[in-house]
Amino acid sequence: MRRSACIPSVLAGLALALGGTVVAAPAAHADIAACENLVQNQGTEVTDAVRMGCYVGLVGDQNGCAGDLTRAGVADAVATEACRLAPQ
């Protein structure tokens, strides 16, 4: 394939890859928000420690998430449920 013919296909692939990243980013952010909202709805202030705990849950470490949230003052049952929401 000639180089001039390759450029459009490479650009199209790059556009699709970047477009997929843009579409996926809000969904991941919404998962953290669901975790934070549950914590807040149960009466605990959403601090940086809570945000970090929810992020840890988002990346798949449920035990680490629950531990972080508990240390931030979230009740055990609420922490477990919030962490369950994070990776969805």
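Good morning. I shall begin with the overall architecture and then turn to the core, the disulfides, the salt bridges and the surface.

The model before you is a predicted one. The protein has 4 helices and 0 strands, and from the N terminus its elements follow one another as α-α-α-α. Helix 1 covers residues 3-41, helix 2 covers residues 48-58, helix 3 covers residues 62-71, and helix 4 covers residues 76-85. Of the 88 residues, 27% are buried. Among contacts with a separation of 6 or more, 51% are between residues 24 or more positions apart.

Let us move to the interior. In soluble globular proteins, nonpolar side chains tend to be buried together. In this model, the largest nonpolar core has 18 residues, and the members that touch the most others are Cys35, Val39, Val50, Cys54, Leu69, Val74 and Ala82. Which helices supply residues to this core? Helix 1, helix 2, helix 3 and helix 4 each contribute at least two. Helix 4 gives the most, with 5 residues.

Setting aside residues up to four places away in sequence, valine 50 touches Val39, Glu45, Leu69, Ala72 and Val74. Consider valine 74 in that list: valine 50 and valine 74 are 24 residues apart in sequence, while their C-alpha atoms are 8.5 Å apart in space.

After the helix comes glycine 73, with a positive phi near 100°.

I turn now to the disulfides, of which there are 2. Cysteine 35 and cysteine 54 form one, with their sulfur atoms 2.0 Å apart. The torsion about this S-S bond is about -75°, so the disulfide is left-handed. Because cysteine 35 lies in helix 1 and cysteine 54 in helix 2, the pair ties together parts that are 19 residues apart in sequence. Are these two cysteines buried or exposed? Cysteine 35 has 0% relative accessibility and so counts as buried; cysteine 54, also with a relative accessible area of 0%, is buried. Leaving aside neighbours within four places in sequence, cysteine 54 is in contact with Ile32, Cys35, Glu36, Cys65, Leu69 and Ala86.

The other disulfide joins cysteine 65 to cysteine 83, S to S 1.9 Å. Its S-S torsion is about -90°, so this disulfide is left-handed. Here cysteine 65 in helix 3 is linked to cysteine 83 in helix 4, 18 residues apart and in distant parts of the chain. Cysteine 65 is buried at 0% relative accessibility, and cysteine 83 is buried at 1%. With the bonded cysteines numbered in sequence order, the pairing is 1-2, 3-4.

Next come the salt bridges. How many are there? The count is 3. An α-helix has 3.6 residues a turn, so residues three or four places apart point the same way. Please keep that in mind for each pair.

In helix 2, aspartate 48 and arginine 51 lie 3 residues apart, about one turn of the helix. Their side chains meet in a salt bridge of 3.1 Å, N to O. Aspartate 48 is exposed at 61% relative accessibility, whereas arginine 51 is partly exposed at 38%.

Arginine 71 is exposed at 65%.

In helix 4, glutamate 81 and arginine 84 are likewise 3 residues apart, and their closest N and O atoms are 2.5 Å apart. Glutamate 81, at 32% relative accessibility, is partly exposed, as is arginine 84 at 42%.

Finally, the surface. The protein exposes about 5700 Å², and carbon and sulfur atoms supply 62% of that area. Met52, Tyr55 and Val59 form a nonpolar surface patch, with about 310 Å² of accessible area together. Within it, tyrosine 55 belongs to helix 2 and is partly exposed, at 41% relative accessibility.

Thank you for your attention.

Conventions:
Residues are numbered from 1 along each chain as its sequence is written. This is a predicted model: local features need pLDDT of at least 70, side-chain atom pairs count only at pLDDT 80 or more; totals for chains, interfaces and linings use all residues. Side-chain values use heavy atoms; hydrogens and water are left out. Buried means under 20% relative accessible area, exposed over 50%, partly exposed in between (1.4 Å probe, protein chains only). Patches are made of residues with over 30% relative accessible area and no salt bridge: like charges are joined within 9 Å, nonpolar side chains (Val, Leu, Ile, Met, Phe, Trp, Tyr) within 5 Å. Accessible areas come from the Shrake-Rupley method with a 1.4 Å probe; for residues, only the protein chains shown count as cover. A salt bridge is a side-chain nitrogen of Lys or Arg within 4 Å of a carboxyl oxygen of Asp or Glu. Contact means heavy atoms within 4.5 Å. A nonpolar core is a set of buried Ala, Val, Leu, Ile, Met, Phe, Trp, Tyr and Cys residues joined through side-chain atoms within 4.5 Å. A disulfide is a pair of cysteine sulfur atoms within 2.5 Å.
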